[in-house]
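Visitor: I am new to this structure. Could you show it to me and take my questions one by one?

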Amino acid sequence: MSRVSKLTRRAFAAAAALTAAALTTTLFPSAAQQAVKIGALMPLTGDLQVFGENCLNGVKLAIEQINAAGGILGAPAELVVADDQTAAQPAIDGAQRLATVERVAGIIGALGSGNTIPVATTVSAPNRIPQISPASTAPAISTLDDDDFLFRTVPSDAYQGVALAQVTRQENLERLAIIFINNDYGQGLSDSFTEAFEARGGIITNAVSYEPGQASYRGELSQLTNGDPEALVLIGYPENGVVILRQALEEGLFDRFVFTDGMRSPDVATQVGADLLEGSIGVSPQALTDSKTYQFFAESYKAAYGELPPTPYIDTSYDAAFVLALAIQKAGSTDGVAIRDALREVANPPGTEILAGEWEKAVDLISKGEDIFYTGASGSINFDENGDVAGTFARWTFQGGTVVDLEVFEPES
């Protein structure tokens with residue numbers, strides 16, 4: 001064979017290879033794509049650490065299921081994690097790394113409202129990256145100037161306050177004092193509960209904020225005994241909440257307590273004393289556990305990580321990851337604006353209902369141009385104009401040192 005003919009054949013072979021590569025990229029763009037990065041901003045240290053690891057497992061579970069079913073846009077989803085340390089500045093720093101260094105397509109987190117809000121205004125919105133919080137409940141988030149880049153898969157404390165007022169009045173509590181963490185979550189929930197409790201004929205004898213990280217809260221607790229309250233409502237997180245409870249009991253200032261979602265952890269009973277908190281009541285967002293979609297999530301979690309912990313927001317974390325992935329698939333790209341605009345398209349009716357784990361079904365319908373809406377493990381993920389969802393709540397208690405749900409209900413309007 002002549003040298004010319006060899007070169008000619010090599011040229012034809014190279015051209016054919018280029019053509020094949022071009023066709024592959026055109027017909028199967030995922031083959032030429034790198035992994036789709038999704039950021040998780042979670043409190044792996046600090047006051048909310050007890051919730052962070054469990055919520056991160058919820059996110060991991062969704063990502064693992066999606067990858068097992070073919071990935072996002074035909075490429076593997078890659079989870080990139082940052083520790084927000086349950087503090088605003090580390091949360092901002094972690095989110096900035098996710099957005100500008102890791103170039104994630106979206107951010108799941110943070111958990112605490114006091115971390116989610118500054119991340120949304122200084123990182124997510126300016127960088128035009130969708131952010132979905134699975135646990136931030138502050139009412140202020142609803143009207144935040146975030147250019148519609150912040151969503152949440154958990155109901156606002158505007159609803160939790162009503163639910164808590166409903167439960168406390170059913171318990172025939174008429175006079176309550178409130179101690180709340182001095183951040184958007186604490187202030188917002190205290191205000192919401194006060195309004196709803198007083199509308200039902202109850203009396204708030206006093207409400208005092210507390211700063212995290214103090215050695216003593218005896219001054220605040222002593223102040224709260226004025227007015228003869230029947231119980232203390234504690235709106236906070238476990239690390240400092242445990243200190244408050246111990247000091248309230250040691251000083252004989254309070255022996256009956258009412259809790260919100262931030263204190264829903266068996267670690268609280270373990271550290272304070274299971275017998276001392278036996279029968280205390282609390283309220284937290286909670287899915288209807290008898291639904292098919294929740295049951296799938298719960299069994300999948302148990303298979304992957306063992307028992308499903310009683311701490312909140314594991315299911316909403318799973319849903320945040322799943323609905324974000326659906327939006328990326330619907331958008332057909334990792335462009336932040338396109339993903340943001342697709343979130344309501346995959347979460348809200350009309351269309352075919354997609355349940356937890358039904359990734360292949362969703363991808364098939366999206367490829368055919370059909371509408372879908374996701375009903376998550378935590379319930380409906382029907383985003384309103386503010387990126388909020390409604391939801392149901394659990395009335396829970398401490399029994400034998402663990403958390404037990406007594407009922408799941410929808411708050412009265």
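## A guided tour

Visitor: What kind of peptide bond joins Pro349 and Pro350?

Guide: Most peptide bonds are trans. Between Pro349 and Pro350, omega is about 10 degrees. That bond is cis.

Visitor: What is omega for the peptide bond from Gly109 to Ala110?

Guide: Ala110 is found in the loop between strand 3 (107–109) and helix 4 (113–127). The bond from Gly109 to Ala110 is cis. Its omega is near -5 degrees.

Visitor: What pLDDT does the protein average?

Guide: This is a predicted model. Residues 1–32 stay under 50 in pLDDT, and the model has nine contacts for them beyond four places in sequence. Of the residues, 92% score at least 70. The protein averages a pLDDT of 92.

Visitor: Is Thr86 buried or exposed?

Guide: Thr86 lies in the loop between strand 2 (77–83) and helix 3 (88–101). Its phi is near 55 degrees, a positive value in a residue other than glycine. Its relative accessible area is 17%, and under 20% counts as buried. So Thr86 is buried.

Visitor: And Asn172, buried or exposed?

Guide: Asn172 sits in the loop between helix 5 and strand 6 (175–181). It has a positive phi of about 65 degrees, although it is not a glycine. Its relative accessible area is 60%, and over 50% counts as exposed. So Asn172 is exposed.

Visitor: How are the rings of Phe259 and Phe398 arranged?

Guide: The structure holds 15 aromatic pairs. In the pair of Phe259 and Phe398, the centres are 5.8 Å apart and the planes make 75 degrees. Planes over 60 degrees apart count as edge-to-face. So the Phe259 and Phe398 pair is edge-to-face.

Visitor: How many residues apart are Phe259 and Phe398?

Guide: Phe259 is in strand 9 (residues 257–259), and Phe398 is in strand 14 (residues 393–399). Both Phe259 and Phe398 are buried. The pair links distant parts of the chain, 139 residues apart.

Visitor: Which element gives the most to the lining of the largest pocket?

Guide: About 710 Å³ of space lies in the largest pocket. Its lining has 44 residues. Elements that give two or more of them include helix 5 (157–170), helix 12 (314–331) and strand 12. The most, seven residues, come from helix 11.

Visitor: Where does Gln286 lie?

Guide: Gln286 is among the residues nearest the centre of the largest pocket. It is buried, with a relative accessible area of 12%. Beyond its neighbours within four places in sequence, its contacts include Arg264, Tyr294 and Asp405. Gln286 lies in the loop between strand 10 (281–285) and helix 11.

Visitor: Why does Thr375 count as buried?

Guide: Thr375 is in strand 12 (residues 372–376). Leaving aside neighbours within four places in sequence, its contacts include Thr293, Glu353 and Ser380. Buried means under 20% relative accessible area. Thr375 counts as buried because its relative accessibility is 16%.

Visitor: Which ring does the charged end of Arg340 sit over?

Guide: The centre of that ring is 4.6 Å from the charged end of Arg340. The ring belongs to Phe149.

Notes
Residues are numbered from 1 along each chain as its sequence is written. This is a predicted model: local features need pLDDT of at least 70, side-chain atom pairs count only at pLDDT 80 or more; totals for chains, interfaces and linings use all residues. Side-chain values use heavy atoms; hydrogens and water are left out. pLDDT is the predictor's confidence in each residue, from 0 to 100. Contact means heavy atoms within 4.5 Å. Rings of Phe, Tyr and Trp (its six-membered ring) pair if their centres lie within 6.5 Å; planes under 30 degrees apart count as stacked, over 60 as edge-to-face and the rest as tilted. Helices (H or I, at least four residues) and strands (E, at least two) are DSSP runs, numbered from the N terminus. Buried means under 20% relative accessible area, exposed over 50%, partly exposed in between (1.4 Å probe, protein chains only). A charge sits over a ring if NZ of Lys or CZ of Arg is within 6 Å of the ring centre and within 35 degrees of the ring normal. On a 1 Å grid over the protein atoms alone, a cavity is a set of points where a 1.4 Å probe fits but cannot get out, and a pocket is an open set with protein on both sides within 12 Å along at least five of seven lines; lining residues have an atom within 4 Å of a point. Grid points are joined across faces, edges and corners, and a volume is the space filled by probe spheres set on the points.
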